[in-house]
Amino acid sequence: GWWPTVRALATTGARRMLTTQRWALYERRGESWAVHDEVAAEFRRHGGVRRAASPRTAVLLSQPWVELGVLDAGAYAAHVDRLAAQASGAGLRFVVRPHPVEDPARYAAHEVYAGPEPAELDARIVGASVVLGATSTALLNLRALYGVPALRVAAPGLEFLDRDLSADQASLLGQFVGRPVADDEAGGALRALATQGGTL
């Protein structure tokens, strides 16, 4: 219960002390959302990457749920294995992009795209047929900045992440990455996204 309070205080303090103008990547335009062109251009400039399809690859953007104590290692490994099976059944090569604070060795049973840079600046991920993962800024940004097909997946035990979203957060995510699907029902959605592009 303490972490949301700490995060809120840190964010508020940083805004007051470090910035005079807020540069948000997303801005409201009527009932929908748009990407702020200047901020998006800066993202792309620093990344130096462009969208170039990598054949039939599904990249999981993993999260440090084990490190945060939200899920135990066994439960999270089972979740990743279910997603791997769903991707394979959809004819896709399954790759894991570990979160920077995770040990990539956790995913030794799978192909891994490790790297120090944010996923949004990694050409291998920008070029994936589809990216998938929990509700996250990386998933959202990859879809909005580069048009990478994105699938939001609900992990058992983490339903509260989507339930506790604010109205604006839910609206933004809904527009760009759609509603979350269960990890054991992701195959059909992955197949459709990799074939057609877009969100469900």
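This is a short tour of a predicted model, stop by stop.

**Stop 1: the whole chain.** Eight helices and eight strands make up its list of secondary-structure elements. The accessible area is about 10700 Å², and carbon and sulfur atoms hold 55% of that. Look at contacts next. Among those with a separation of 6 or more, 63% join residues 24 or more positions apart.

**Stop 2: helix 5.** Select residues 137-146. How many of the ten residues in helix 5 are buried? Nine are, and the helix is mostly covered. The buried residues include Leu139, Asn141, Arg143 and Tyr146. Ala138 and Ala144 are also among them. Step just past the end of helix 5 to Gly147. Gly147 has a positive phi of about 75°.

**Stop 3: a surface patch.** Select Leu68, Val70 and Phe160. Together they form a nonpolar patch on the surface, with about 250 Å² of accessible area. Zoom in on Leu68. This residue sits in the loop that links strand 3 (57-61) to helix 3 (73-89). Is Leu68 buried or exposed? Leu68 is exposed, because its relative accessible area is 56%, over the 50% cut-off.

**Stop 4: Gly178.** Go to the loop between helix 7 (167-177) and strand 8 (181-182), where Gly178 is found. Gly178 counts as buried because its relative accessibility is 4%, under the 20% limit. Gly178 and Leu151 lie 27 residues apart in sequence, and their C-alpha atoms are 7.4 Å apart in space.

How values were computed:
Residues are numbered from 1 along each chain as its sequence is written. This is a predicted model: local features need pLDDT of at least 70, side-chain atom pairs count only at pLDDT 80 or more; totals for chains, interfaces and linings use all residues. Side-chain values use heavy atoms; hydrogens and water are left out. Buried means under 20% relative accessible area, exposed over 50%, partly exposed in between (1.4 Å probe, protein chains only). Helices (H or I, at least four residues) and strands (E, at least two) are DSSP runs, numbered from the N terminus. Patches are made of residues with over 30% relative accessible area and no salt bridge: like charges are joined within 9 Å, nonpolar side chains (Val, Leu, Ile, Met, Phe, Trp, Tyr) within 5 Å. Accessible areas come from the Shrake-Rupley method with a 1.4 Å probe; for residues, only the protein chains shown count as cover. A salt bridge is a side-chain nitrogen of Lys or Arg within 4 Å of a carboxyl oxygen of Asp or Glu. Contact means heavy atoms within 4.5 Å.
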